[in-house]
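Biologist: I'd like to learn how to read a few features of a structure. Could you walk me through one?

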Amino acid sequence: MSTLDELFAKIAAGRKAAPAGPVEYLIVGLGNPGAKYNGTRHNTGFMALDALAEKLGARVERLQFKALTGDAVIGEKRVLLMKPGTFMNLSGQAVQEAAAYHKVPMDRVLVLMDDISLPVGALRIRKKGSAGGHNGLKNIIYLTGRDDFPRVKIGVGEKPHPDYDLADWVLGKFSPEDAKSLLSLFADIPAIAECFVQGRLDEAMSKYNRSGPPKAKGPEPSAGGHQL
């Protein structure tokens, strides 16, 4: 039977060392806090960040800067992963506070977000730009005074018809088929994050920007903005 010392040694061996040095980059997933918003279209940024954190073995659970945060290392750089704890239209509070505290310039802040102007499974990386009607992005731009920060726009699909209520659409949940397309897309987020940290966003845009779900590679067909 293992002694307590041996047990604690095994636990410690399974843990990743805490990142050292200053935070050099921020990666922020946008969404609304609270269980009732889990799995909704508007929380796609949260889901993408969770997928990235899982791949990196990071825990996004520390409360600071009006957000849940976690430390990670990407490309030998210390990165702060963030999920703002405010509602979507106040997302800029967390971003502005964290960037100011860690002295991270806005071109080193990557935002993961939903976009209803893109079909489900589509992805578009942009180095800068306007809010395009997305209130989370709009608040970040307003509070930081900058729009020259990169963002990953993740397609969640347009409203089914013009009279459909926008809030009902973005706060609705994905169909199983659409959820499967998103999971496939999320698999690219870690590579995109690495390109971002290494200053290779042009490469990421060329490789990962896509207008729809990826095509199936085998005989089986693959399953197959703006917001509040």
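Modeller: We'll go through ring pairs, charges over rings, a helix pair and a few single residues.
This is a predicted model, where local features need pLDDT of at least 70, side-chain atom pairs count only at pLDDT 80 or more, and totals for chains, interfaces and linings use all residues. Residues are numbered from 1 along each chain as its sequence is written, and side-chain values use heavy atoms, with hydrogens and water left out.

Biologist: How many aromatic pairs does a search of the whole structure find?

Modeller: Rings of Phe, Tyr and Trp (its six-membered ring) pair if their centres lie within 6.5 Å; planes under 30 degrees apart are stacked, over 60 edge-to-face, and the rest tilted. Here the search turns up three pairs. One of them is Tyr 37 with Phe 87: centres 6.0 Å apart and planes at 80°, so edge-to-face.

Biologist: Which parts of the chain does that pair tie together?

Modeller: Helices (H or I, at least four residues) and strands (E, at least two) are DSSP runs, numbered from the N terminus. Tyr 37 sits in the loop between strand 1 (25–29) and helix 2 (44–56), and Phe 87 in the loop between strand 4 and helix 3, so the pair joins parts 50 residues apart in sequence.

Biologist: Is Tyr 37 buried or exposed?

Modeller: Buried means under 20% relative accessible area, exposed over 50%, partly exposed in between (1.4 Å probe, protein chains only). Tyr 37 has 13%, so it is buried, while Phe 87 is partly exposed at 44%.
Now take Phe 65 and Tyr 101: their ring centres are 5.4 Å apart and the planes at 50°, so that pair is tilted. Phe 65 lies in the loop between strand 2 (62–64) and strand 3 (67–74), and Tyr 101 in helix 3, 36 residues apart. Phe 65 is buried at 13%, whereas Tyr 101 is exposed at 58%.

Biologist: Which residue lies over the face of Phe 174?

Modeller: A charge sits over a ring if NZ of Lys or CZ of Arg is within 6 Å of the ring centre and within 35 degrees of the ring normal. Over Phe 174 it's Arg 41, at 5.7 Å from the ring centre. Lys 83 does likewise over Phe 46, at 5.1 Å.

Biologist: At what angle do helix 7 and helix 8 pack?

Modeller: Axes are lines fitted to C-alpha atoms, for helices over the stretch in contact, and angles run from 0 to 180 degrees between N-to-C directions. Helix 7 (residues 189–197) and helix 8 (residues 201–208) pack at about 155°, axes 8 Å apart. That makes the two roughly antiparallel (under 35 degrees is roughly parallel, over 145 roughly antiparallel, 65 to 115 roughly perpendicular, the rest oblique).

Biologist: And which residues make the contact?

Modeller: Contact means heavy atoms within 4.5 Å. Helix 7 brings Ala 191, Ile 192, Cys 195 and Phe 196; helix 8 brings Leu 201, Glu 203, Ala 204 and Tyr 208.

Biologist: Where is Tyr 25 found?

Modeller: Tyr 25 is in strand 1, and at 8% relative accessibility it's buried. Leaving aside neighbours within four places in sequence, its contacts include Lys 77, Val 104 and Phe 196. Its C-alpha is 8.9 Å from that of Asp 107, 82 residues apart along the chain.

Biologist: Which residues of helix 4 are buried?

Modeller: In helix 4 (residues 135–144), they are Gly 136, Leu 137, Asn 139, Ile 140 and Ile 141. Their cover includes helix 3, strand 5 (109–115) and strand 7 (151–155).
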